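Please open the model in your viewer and keep the sequence panel beside it. The stops below say what to select next and what is found there.

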Amino acid sequence: MASVAEEFPVYALDAIPIVTSFPSIGEAIDNHNYAMASNYATDIIDEIKKNLLFIVLEHRAYAFHKMNKYQEAIRDAHEMVSIAPSSTKSYLLLGKLYSALGQQKNAIDIYKTALSQNNVTKYDMSDSIDSIWTQQLVQEMNKAVQQNKKRIDPVSKLPKELLYTIFTCLDQKSKATCWNVSKKWRYNISRAPSAWSTLSIDDTDRHTIHRLVTHLPDIATYVRHLILDTLFPDVCLEYLESMNNGDFNNIKSLKVTGNGSHGMRLAMFESFTTTVLPRIGHSLTQLELDLFSIDTNALRAMNLSDILASAPHLTRLVYSTSESLSTAIGDFSALANVEDHHPLIDLELNAIYATRKETELLLKKCSQLRCLKLSIYQDNIADLLESYCPHLQILFYNYNLAAQSIIPDDEYIQFKKAICAVKSTDLTCGLKVLDVNWSAMNREDYEKEFNTSHYVPPLILNNQETLKVINITNCPKMPNLRNQPLHMPNLKSLKITTREKNNKLQQLLLQSIPFFPNLHTLQVTDKQYFIPLVRALMTLQRPLKNLALTLTKSDNDENGQGNSLLIRLFQQYVALQSSSSQTTILESISIQDWSDNLSDEVLNVLSDIKTIHSISIYTRSPKISIEALTNLFKKLSSEKVTLLEIGGLSNANDNDIIRWVDILKKHLTYIHLYELDHLTAYGTIMIMDKAKHLKKLNVNNCPLVRDATDSKRIANMKGIDATIYYSM
């Protein structure tokens, strides 16, 4: 640690008070005063701990400094000061760190505090160690003073366009701080439109919230997107009054989170729809309201009919409540004098229960809808959608209960933006995205559900030409369907999970795979017969881009036909990957094995597919060897494998998993490990050490990783988003 001494003073253990205390302990014991002896010993132990902690903190602060982690280094230096407030050395270190950050005023204050200490002001100007440290304090303070005099005010020198760009990049706390630097700074930041385009009010920093409130008359006109996420009623009231006063005259979107709605009182809810919303309604196009668990009277005050009447230009509405839709719907007869068709094109409605009656009232008024998300429905509303929403392109049904969508979030957002941006006259009629989910219900509800599931097949049959994405989760029993295959020329992604074998809708979709010429993503994740599916995939004569399969034991597979079919499918993919006519390549493969169909032979063929970037394998099959998996990852290591999921594998231990990660470490950014009997917390730490580019780690239901304290601490130090838990 000699390098530490070169930049920062290294604190040495002060043994004098410790050594001089030992005779006191001995004397107390000789006098049979054991209580005093124990007190002396305790004092010595505390002194040793403080001395050693001081040394460790100083060395860690130096390490943080060399890593450019100045805030962490400053925290350690402050702790050093708290341990030894009379130590010149700790102040010198802290001052140097502030100077390195360019915070000369802070450094000067630290040096002045150190020089004002009694043990420093009375120092002897001899060549003692304390004298040397004191001289360094004076020298460093003089340097900081000189540097502080050389400061250049950027507001005076930089062009306004560049200055406004810099202000825009600051967080809200920093913007509020800039406001109080000087009149010139206040003038410029108050006139930087892009700096205040988005304003988010939360409770992380109460001081900043109140400082921003005082600036509202100056900045509100620039705000386009406002987020109210505070539990404090006084703050909510300030912003509502500011909106009512016309300060937010250009606002485009408003989001009131669960915190924000709980921070509002009944009178505020009433004024929101009667005075505030009409005041900003001329410019407001997007509104998100999280009204879960609020008072019923407050909910009625913010009902849907009043919102639509008060915001005539609204194009997107997200409305969430823990009450039934009948409580929140309001009186739509009040909209008789409003334009017949509200321009709303994107609606997300999350109510605890909804029926056909109130839904029809809403859809009649919102006939321009293109994107619709509904939750907790059992009534058949397919005919209502056909009658009242001719432009509907995206339908999510029971979306809040659904598993993760087959479309990545960023891709879905871009897809929805493109749909919403198209002119009505240029829209192609027909659904493009259908996402339906049934939650697990008791038997009585299940029987009701059977009667309401009939509408799904017509939605698919009537939109064959336009559907691009189908995601059906927990599909219940279906009525008898036609035997003719579906022809869906634009279908790209298909995911279906069912509760029962031989589900009619699932069979129809899987039998129709040869007639989906643009299909590139397929997820069939239930325990089902997969042999007909593999055969259908082979008839495509082209690889899919993303493939997820669940392999289960079949009464019809006594001769291991499933294993040989998988080998033939992957051999076909290997042969096709070199064809210049292929426009798709297999990039993601997920295999959930509940059978004996996954074998070393299957993995050996799979390893020859050189385009895989994401691989997920779950198996407890005795046919799978560690050597076969190692060989698979070695062959794929030349590719850019970014995602690795491993589950089951009762014979895999720490060393095996660490070795696999080491093989693929070059590009790995996401690792998911689950139900691995021999993975330990030490193994997770070594995995994070090997995967240098890792961004996210999920470890769940591994019995030897129940205490993940150290793993999470290491993940935090490395900046890895780690989720580690055991719930089995």
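Begin by selecting the aromatic side chains: the count comes to six aromatic pairs, where rings of Phe, Tyr and Trp (its six-membered ring) pair if their centres lie within 6.5 Å. One of these pairs is W594 with Y618, whose ring centres are 5.2 Å apart and whose planes stand at 35°, so the pair is tilted; planes under 30 degrees apart would count as stacked, over 60 as edge-to-face, and the rest as tilted. Colour strand β14 (residues 588-594), which holds W594, and strand β15 (residues 614-619), which holds Y618, and the pair is seen to tie together parts that are 24 residues apart in sequence. Helices (H or I, at least four residues) and strands (E, at least two) are DSSP runs, numbered from the N terminus.

This is a predicted model, in which local features need pLDDT of at least 70 and side-chain atom pairs count only at pLDDT 80 or more, while totals for chains, interfaces and linings use all residues. Residues are numbered from 1 along each chain as its sequence is written, and side-chain values use heavy atoms, with hydrogens and water left out.

Next, select helix α31 (residues 681-690) together with helix α32 (residues 709-718), which pack at an angle of about 10° with their axes 9 Å apart; the axes are lines fitted to C-alpha atoms, for helices over the stretch in contact, and angles run from 0 to 180 degrees between N-to-C directions. That angle makes α31 roughly parallel to α32, on a scale where under 35 degrees counts as roughly parallel, over 145 as roughly antiparallel, 65 to 115 as roughly perpendicular and the rest as oblique. Showing side chains, you will find A681, T684, I685, M688 and D689 of α31 meeting D710, S711, I714, A715 and K718 of α32, in a contact (heavy atoms within 4.5 Å).

Now move to helix α11 (residues 172-179) and helix α13 (residues 206-219), whose axes come within 10 Å and cross at roughly 65°. This makes α11 roughly perpendicular to α13. To display the contact, pick Q172, K173, A176, T177 and W179 on α11, and T208, R211, L212, H215, D218 and I219 on α13.

Finally, colour the chain by pLDDT (the predictor's confidence in each residue, from 0 to 100): the mean is 81, and 85% of the residues reach 70 or more. Over residues 1-13 the pLDDT is below 50, and this stretch has 30 contacts in the model beyond near neighbours in sequence.
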